[in-house]
Structures are given as structure tokens and as C-alpha cells.
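Biologist: Can you walk me through this one? Start with what you mean by a contact, then take the helices and the sheet.

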Amino acid sequence: MGYIGKRMTRVEDERLVTGQGRYVSDIELPGTVHMAIVRSLYAHAEITRLDLNQAQQLPGVVGVFGPKELAAIMKPLPLGTPDPRLDAITPMPLAGDRVHYVGEPVAVVVACDRYVAEDAAALVSVGYRALDALTDPRLAATAPPLHPGHPSNEVATVEYRVGQGEEAFRDADVVVDVDLRLDRVVAHPMEPRGVVAHYDAKTEELLIFAGTQGVHGYRRAIASMLDLNEDHVRVIAPDTGGGFGVKNRIYPEDVLAAYLSCQLSVPVKWQGDRSEEFISTNQERDQWHHARIGVKKNGQIVAVSDEFFQDQGAYTPAGIIVADTTAICIPGPYRVPNFAVTGHVVLTNKVPVGPYRGAGRPQGTFVMERLLDHVADTLGMDRLEIRRINLIKPEELPYQNGLPGRGGPMTIPYGEFQNTMDQVATAINYDHYSHPHDTRGPWKLGVGIANYLEMSGGAGFEGARMRLLDDGRVEVATGASSQGQGHLTAFAQVAADRLQLPFEQIVVVEGDTSAIHRGIGTFGSRSMMMVGNATRMAAQGFRTKLLEFAAEMFEASMDDLHWENGTITVKGVPSRTISLADIATRAAQEDRALVYEAFYDATGPAFGMGTHAVVVAVHQKTFAIEIREYQICHDGGVVVNPLLADGQTIGGTVQGLGTALFEGLVFDATGQPLNATFLDYLLPAAGEMPDFLISEREYPEPTNPEGFKGIAEGGIMPPMAAICAAVENALREFSITVDQLPVTPNYLFSQVKEGSR
């Protein structure tokens, strides 16, 4: 039917933009009570007193609960991704006798409405004995353990070595050391976290509405915490306003709402607000790197090494995904024959760290691209040229870089890295901007360029369950959960194409554990790879099943039937024709369900590639930064919908520019966040963003039948390095280095001031 590759507008949009979406905050079941959380005011303290009495007396309060009242669920939350290298420490639904970050849940209030619940929460009296807070991850290993019973604050060490590792630096003609800093950022999906839980005592079934990225994993975790049979728990993800990785696991609030609904036998609702997003939802970045690169005089890489500290915050809810992915993504699309990396995952008194869009990929890209810029400057070589020398060449593919991928050695099967970079460099007029051409006026122009290798998907499975509806439409159910990506459109395009049906005849259902019995979810740029291929498999089986049914009706052989646009005809007998609607009617009469389910198992990750280039203008007196031009070339494999692909790429790029120029959470010495409101924590807005010029390259991925690759995280990987390079280039007369994020006017002023001494 030709739907794959078609630039179709999203079928979801009309409903969402006209206010007809149904989010967690819109769900109000009969008899619902509301939950509010009492949160720690200290980053590190012993709890000396917890007085619930005054709160309990407030009219409208249903109950006030501390750890003693909720002893049945006072156990660690499930670990997101176990790893033998990790000394895992996950939080409990409520803090016990000690709090470890500002915002940690201490008690919970349930009341007739949210206003009363919030008022009652303010009446809970908590006594604290403040303890020294640990905020610098570089000091964590030698500081007293934050969690009694654990030997160290360094809970994991990530180490990889390729070739001779550090020893190879002796063969280098030039060695450059670089210190890099990526600040802590908050994901801030448009919709804060929320949950509605309803336990039916008669059926002993628990229904949960939650804006989660994986309903099946959420169900498994809740069932484990409440000691319930998974079959008695149904999880639905309604419309969800963004996820970006931080909604891919359960939090204390999820467990509290579910448990209290079971105990009170009424629906319990908690809707987080923006303030709570700052102090209770997993955060990311927050790394310190000391990296080295050794090259020959001609710029050829001999060795790269990196030692970094990952500030993990107070707990390890998602394991070491961020640190591990950072480490293996450093080489990127370059030939690095000798490589050594050590990542220290350490605890501090901050909100726990978990994957946020990119989940370590942007950090790895930042390290490598900054090293190349610095060593090029040391050699007096053009920054573009040193990349040309070291990019993996087509004749070297498939290329194994010696690091582990997902499910085996990291093998890069295909990539036109040189062509991609040259295309972007030409489009942005790199040669013109990279050298001084106009020094008049206060605004100084500079150009920066960065390459990336996007590893996507590659682990687990996903399914597609096709069912013929009564009106002849085909329902496609999957375990994925959209948070704005356009799944209902893209998955329908694949199904319509592979079933040879009109697009309007496909109905996509996702985010419901009752729609398909197993699934994993949406994260790690995996959805199209996994669900798309599962849909292909299901389409083949489903079509065969329908033909078999039609053959019974016609008393004919399947070989004698012709399928076209959902109509089945006996070959040579045009009058003997039946539509899918007619088949559905006949199947209903015979009480037969026409359903086919297929699951696709990953065979390994896909690798997309791309290049970003940016022209910035920096004001020489105020050091204000403006983005004047932004060029992107991205390889997304077989692109199902170019409109959605561009949206994913632009969205990721905007978030990357946020990390590069605006976002950074600031803490004082006691662990208090100092800018936890949008008055002080800056997000990128439309006025600061340029028009992004995108060119897509389609190199089908050979590791899956449909040739799909992930595209959701490519956009966020290179902006930070490209911005740093462009700002350095613009301020070249000051000879400063820009190796700390975010790049703010204040930071540039201090760099210039320091350099002038």
C-alpha cells in the first residue's frame, strides 16, 4: 500500500490538541481519595520524631501513615537492571530512620481531596538531626558511607580495556589531557508523574492508571511489592505527556497509592506537581571526566582513556545503565585501537540518577568530540580534518571496536560517516565560519561540528497481537507505551503496509496489560525496531489465518484465494468475494475469535549515525549566545514516517541544547537545591531555538528484517560538543576552552577573566 516512508500527520493530534486527551490527572473514579507526600527538608539527616496526630485531626483526612503504619511494604523497591558489578541500594516507599536527599518521602496523607491532603501534610511534624551532606562525587569514595551496612559510597566501578589500553600512550607523538564537567539536569516531561490505583475487594483485582513507559514491568514491580499475583493487577498507561526515561520504573508514590487502595478499598490518586518533579523524579548527567587522547603527528588516534565519576545520587534505582552506556559510547564512529575507561559510580545526597534521554550516549559523545577538538588545536590541525583521518572507513565495515554491545561484541555493520560529515560541513559553510572573516562589531561568529553513533534497541522482545474487530477493522495491540512519539500513526503505517489494508482500517492499542499478555515497553530507542518487526511477523500470520477462515467459507483452497485491500476473492470468480467486515460477522456467529500474536526477539543493537553543525554568535561584552544556524544529517535506517522522524530528531536536539546552554541544578554545601523552580532553572524555549535544517540518510539496518533503527536519542547526543566547539571558535581571540556544561554567559566571563591573568 506504500504507507512506509509516507509523511503522514499523526492521527493522535486532533484529539490531543483539542483538549480531548485523557491523562492521569483527568481520571477521577467514583469515591476517589487523594494522596499527598510529606518530603524531607534535609539532604542528610536522622529522623528523631514523626508526629502524625495533628494531621489526623484535620476534617476530611482519611488517614496519615508513616513507616510503622506501612510496615508491610517497607522493603526496597525492585532494582531496574541488576548487574553483578553493582552494590545495589534502592529506596523504600518511605524513609526509615534516616533521609538521604531533599524530597525523599517521609510520610503519606490520604484525604477527601488534594487541598485537604496538602494541608494535612503540612501539619505532620518531623524532627531531624542534620548530618553532613555529601555533594561532590569525587570525594564520595573516601567519605563515610551514607548507607549503614554498605562498605563504601562507590557502589560500582565500570571498566573496559581495548588493545593495550593506557600503555599505548607511549607510542603517541602528542598526548592531550582534558577535564570535562556535565552538570545535573532534570528531565521535566510536560506531564509530571501521577498514579490512580483502584482495588476491588470483591474481585481482588487492582487496576492502576499510570503514565509509565512500560506497563508490564510496572505491573511486575507493583505485584512484587504488594505480594500480589500479577494476573490480579492490570496497568493502563493513558495519554502520557512525555517520559524521556524517567517514567520507566516505579517510584515510592506508585507503591504507596497501590497499597493504600488495597487497604482502604477505595481509589487512591496522587498527582505530582512541578515542584515535586524537581525533588523526587530521577535526574541525570552529573559527571566529572578526566580524559586523555594520544595521537601521531598526522592526527591518527593511538589511544584514548577516560576516568570519570558518576554522581548517582542517594540510590541506584536503575542500576548502572548511565555510567555503563557512557563508557562504551566514548569511541563513537572513530577508530580507537587502544582504549581504557574507568567509571566510578558513587552515592551522594541528591535525587537518584536514572536514564534520561540518551542515558549515557550524550556523555560519551561529548568526551570523544571534545578530545578531538583539543588535540586538533594542539597539532594546529583543522578540527574537521582530524575527524576525517579517524572516522571508520566504509572498507573497514563491519567494524568491531572491542567493546560489548547488547547481546555480544559491539559490531558496527554500516555507516557512511565521512559523507555524512562532509554533507553537513558543506551545508553550514564550515570553511567560511571556522576562520576569522569579520572581526567588526560586538557579535563574534563561530562554528562547531560533532559526529555521533547512535546505538539503539538490541535487547529483549516485543509483541504485536492482531485481532479482527466486529466492523472489519484490525486491532494491533502491543506492549509499547507512547509518551508522544506518534506510535498510533507509525505502527498503523507498518501494519497497513504489511497487511495491504487502508490505513484507516488499522486501530493501534498500547499501554494496557490486558491487551497483550507480555511486553517490555518504550525506552532506549527500541519501539520501531521491536514493535515494527513484531507487526510484520504478526501480519503474515494474521493474514494466513483470515485466508484459512475464508477458504472454509468458500469451501475452496487457500491457493485459489486472492487478497486485495482487505477483500478476499476466489480467483477467476469475481462474484465470490467477501470483505473483512463480512468475515467478522461470520466469525461472531460461530463464536470464533480471529486473533494472531507474534513476538520479535532482538538479535543485537542497531547503529544510526549522524553529524550536527552549529553556527553561534557570542556577544563580546555580555557573552550572550545566539544560535544562528543548525544543520543535522541523520541516518534513521528505513524511515516509516519522515515527519515523525524529524520531530524526534528536533526534540532530542532541543533537549541537548538545553543541557548545553541552559540547564543545571545547583546545590549548596548542605545538599539543598538552590534553583528548583522555573524562575531559576532554565529550559530552552522556542525563542532561543533556530530553524533546524535536517537531511535524512536511509541506510537499512541489516540486523532486523525491516531495516529499522532507533532515532529518538540521536538528536540529543552531539549538541553539547558542537556548542562548546562553536563558542570556542567564536571567542578564539581569547584562547579559552569551554569544557563545562551548561555554557552560560557567567561561565564564559569567568573563563575570559581567568585567561587574561
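Modeller: Contact means heavy atoms within 4.5 Å. Bear in mind that this is a predicted model.

Biologist: Fine. Which residues in H12 meet H13?

Modeller: From H12, they are His 487, Ala 490, Phe 491, Val 494, Ala 495, Arg 498 and Leu 499. Their partners in H13 include Met 528, Val 531, Thr 535, Ala 539 and Phe 542. By class, the contact has nine nonpolar, four polar and three charged residues.

Biologist: At what angle do the axes of H12 and H13 cross?

Modeller: At roughly 35°, and the axes come within 9 Å. The crossing of H12 past H13 is right-handed. H12 covers residues 487–499 and H13 residues 527–554.

Biologist: Switching to H5. How many of its residues are buried?

Modeller: 11 of 13, so H5 is mostly covered, with buried meaning under 20% relative accessible area. Among the buried ones are Glu 253, Asp 254, Leu 256 and Tyr 259. H5 spans residues 252–264 and reaches 18 Å from its first C-alpha to its last, close to the 18 Å expected.

Biologist: What follows H5?

Modeller: Ser 265, with a positive phi near 60°.

Biologist: Now the sheet. What is the strand order?

Modeller: E7-E15-E14-E13-E8-E29, six strands in an open sheet with mixed pairing. E7 (154–162) and E29 (740–741) are the edge strands, each pairing on one side only.

Biologist: And E8 with E13: parallel or antiparallel?

Modeller: Antiparallel, with 12 bridges joining E8 (residues 174–186) to E13 (residues 283–295). Asp 177 stands opposite Arg 292 in E13.

Terms used: Residues numbered from 1 in each chain as written. Predicted model: local features only at pLDDT ≥ 70, side-chain atom pairs only at ≥ 80, totals over all residues. Heavy atoms only, no water. Pairing = 2+ DSSP bridges. Helix = DSSP H or I, 4+ residues; strand = E, 2+ residues; numbered from the N terminus. Expected span 1.5 Å × (residues − 1). Buried < 20%, exposed > 50% of the residue type's maximum accessible area, 1.4 Å probe, protein only. Axes fitted to C-alpha atoms, helices over the stretch in contact; angles between N-to-C directions. Left-handed = near helix turned anticlockwise from the far one by under 90°. Nonpolar A, V, L, I, M, F, W, Y, C, P; charged D, E, K, R; others polar.
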